[in-house]
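Subject: Structure handover

Hello,

Here is the structure for you to look through. Please open it first, then read the notes below.

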Amino acid sequence: MGTPVQLCITFVLLALSLADEVQLKHDTASKPVRLFTDEDLKRHDGREEGLPIYMAIKGVVFDVTKGKDFYGKDGPYNALVGKDCTRAVAKMSLEPADLTSDTTGLTEEQLQSLESVYEGTYKTKYPIVGYTTMRLLNQDGSPNKDFKPEDQPHFNIRDEF
């Protein structure tokens, strides 16, 4: 059979060879994520044929093109695309005043609804293509050196990527 040392070495070598196979089977992302300005995001509002349709929630930009019937030019949820519509998603609203990333004054119930829709619908159904500048930059466009995602209100870094 073999000595315990030989068995241990065999086990280690087998584990290392399997680990290499697992690493080789790992698929990389098809497209890198990018940083979107408000102007960049606005171009992807479903009005221009051939461009993907993007919407942002909590500063995360999703490609919702496969839901074109809902988010496209004449779709019932077209008001949500081409911008960060975090407040509107939290309130389940299409009111122009709610089409913003501002979460100030939302109730606990609305914040829970936002998290549920963000995690259960958008992150599971639509690919993440980037992030809005408001997550990473100051108002003047300079890098926010104090930005820490884990310190942001209502932000959960777990499973973000």
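Start with two terms. Two strands pair if DSSP finds at least two bridges between them. Helices (H or I, at least four residues) and strands (E, at least two) are DSSP runs, numbered from the N terminus.

This is a predicted model: local features need pLDDT of at least 70, side-chain atom pairs count only at pLDDT 80 or more, and totals for chains, interfaces and linings use all residues. Residues are numbered from 1 along each chain as its sequence is written, and side-chain values use heavy atoms, leaving out hydrogens and water.

**Overall layout**

The protein chain has five helices and four strands. Along the sequence, they follow the pattern α-β-α-β-β-α-α-α-β.

**The sheet**

Four strands form an open sheet in the order β1-β4-β3-β2, and the pairing is mixed. β1 (34-36) and β2 (54-57) stand at the edges. Each has a single partner strand, so one side of each has no neighbour in the sheet. Neighbouring strands are turned by 40° against each other on average, direction ignored. (Axes are lines fitted to C-alpha atoms, for helices over the stretch in contact; angles run from 0 to 180 degrees between N-to-C directions.)

Strands of a sheet pair through backbone hydrogen bonds, either parallel or antiparallel. Here, β1 and β4 (residues 128-132) run parallel, joined by three bridges. In one of these strands, β4, G130 is the bridge partner of R34.

**The core**

Buried means under 20% relative accessible area, exposed means over 50%, and partly exposed lies in between (1.4 Å probe, protein chains only). Of the 161 residues in the protein chain, 32% count as buried.

A nonpolar core is a set of buried Ala, Val, Leu, Ile, Met, Phe, Trp, Tyr and Cys residues joined through side-chain atoms within 4.5 Å. The largest one has 22 residues. Which of them touch the most other members? They are M55, I57, F62, V64, Y71 and Y122. β2, β3 (60-63), α4 and α5 (108-125) each give two or more residues to this core. α5 gives the most, with five.

Is Y118 buried or exposed? Y118 sits in helix α5. Y118 is buried, because its relative accessible area is 0%. Y118 and A90 are 28 residues apart in sequence, and their C-alpha atoms are 9.1 Å apart in space.

Y77 lies in the loop between α3 (68-71) and α4 (86-91). Its relative accessibility is 37%, so Y77 counts as partly exposed.

Best wishes
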